[in-house]
Amino acid sequence: MESEMRCNVSEMWSPKMPKGLDLEISHHPLTMRRVVNLVIAMERLKASTSESVLSTEFRDENLLNIMLDSFVEEEIVFERGSAPPSQFSKTGEHQCSVTDSQKRSLVLVENSMELHAVMLQGGSDNRKVHLNMSTYVHPAPSTEARPVTLGIKDTNLYLSCHKNGDEPTLHLEAVEDKNSLKTISSGSDMVRFLFYKQETGVNISTLVSARFQDWYVSTAGQDNKPVEMCLESASRYRTFNIQRQS
């Protein structure tokens with residue numbers, strides 16, 4: 001098969017090659033991308049004058065440059081022609097415990113539908129909420145932050161961030177169909193459920209709204225106050241100890 005390929009390709013291109021040059025392919029190009037690279041390189045070579053190609057000054061590095069230029073050009077066309085994905089896709093889910101930097105736990109206050117940061121005393125651990133953290137693939141992946149949704153364990157309540165007046169605010173929303181969170185379009189209103197989890201230390205992270213990327217989930221200086229959104233400049237605690245539960 002290789003000898004047949006070598007013969008056929010040589011016969012096909014020989015009349016078009018600069019006089020005195022021949023083409024021999026020792027390995028079959030296994031992918032269309034390799035074929036395209038080869039065709040581009042041959043076109044560049046054919047565009048060269050016979051004198052420049054056959055001159056004593058034409059060296060291996062000149063041929064290598066022709067080949068490399070072809071690869072670079074092909075890469076640019078490939079990248080421009082590839083549209084980035086337009087949605088966040090769920091990749092997994094795990095349960096985690098969350099405390100703020102003051103070692104306060106999150107407690108659900110049902111009558112106001114808020115999470116409060118509370119310093120729990122011994123025997124009160126049953127008040128602490130655990131979160132189901134779902135992770136997502138970002139349309140433009142970042143090594144610094146990971147998109148997540150945060151749901152309260154054993155409920156259908158999820159943290160969300162949207163504007164209530166002039167500023168983004170944190171809410172607890174009931175999600176009746178959890179399958180609706182499997183994929184989230186980057187331009188949809190469902191982005192309000194997404195937060196960027198950025199690690200700043202071992203098990204230490206910040207949570208930033210995906211819709212309002214200057215706004216952080218935060219806790220107040222006083223005990224038993226609501227968890228709210230804030231800017232980086234605010235006098236609030238913005239880091240959390242997030243530990244995955246087995």
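Biologist: How many disulfides does the structure hold?

Modeller: This is a predicted model, and the structure in it holds zero disulfides.

Biologist: And what about Cys-96, is that residue buried or exposed?

Modeller: Cys-96 is buried, since its relative accessible area comes to 1%, and a residue counts as buried when that value is under 20%. Cys-230 falls into the buried class too, with a relative accessibility of 3%.

Biologist: How much of the chain is made up of buried residues?

Modeller: Of the 246 residues in the chain, 36% are buried. As for the surface, the chain exposes about 15,000 Å², and 49% of that area is supplied by carbon and sulfur atoms.

Biologist: Switching topic, how many helices and strands are there?

Modeller: The chain has four helices, together with 14 strands. If you look at contacts between residues at least 6 apart in sequence, 52% of them join residues that are at least 24 apart.

Biologist: Now the pockets: how much space lies in the largest pocket, and which residues lie nearest its centre?

Modeller: The largest pocket holds about 200 Å³ of space. Its lining consists of 13 residues, and those nearest the centre are His-94, Met-133, Lys-197, Glu-199 and Ile-242.

Biologist: Which strands supply at least two residues each to that lining?

Modeller: They are strand E4 (130-137), strand E5 (145-152), strand E9 (195-201), strand E10 (204-209) and strand E14 (240-244). The largest share comes from E14, which gives three residues to the lining of the largest pocket.

Biologist: What classes of residue does the lining of the largest pocket have?

Modeller: Sorted by class, the lining of the largest pocket has five polar residues, four nonpolar ones and four charged ones.

Biologist: OK, and how much space lies in the second largest pocket?

Modeller: About 150 Å³ of space lies there. Among the residues lining the second largest pocket are Ser-97, Val-98, Thr-99 and Asp-100, and the lining also includes Lys-128, Ile-204, Phe-240 and Gln-243.

Biologist: Last one, how does the lining of the second largest pocket split by class?

Modeller: The lining of the second largest pocket has six polar residues, along with three nonpolar and three charged residues.

How values were computed
Residues numbered from 1 in each chain as written. Predicted model: local features only at pLDDT ≥ 70, side-chain atom pairs only at ≥ 80, totals over all residues. Heavy atoms only, no water. Disulfide = S-S within 2.5 Å. Buried < 20%, exposed > 50% of the residue type's maximum accessible area, 1.4 Å probe, protein only. Contact = heavy atoms within 4.5 Å. Areas by Shrake-Rupley, 256 points an atom, 1.4 Å probe, with all protein chains shown as cover. 1 Å grid on protein atoms, 1.4 Å probe; cavity = no way out; pocket = protein on both sides within 12 Å on 5 of 7 lines; lining within 4 Å. Points joined across faces, edges and corners; volume = space filled by probe spheres on them. Nonpolar A, V, L, I, M, F, W, Y, C, P; charged D, E, K, R; others polar.
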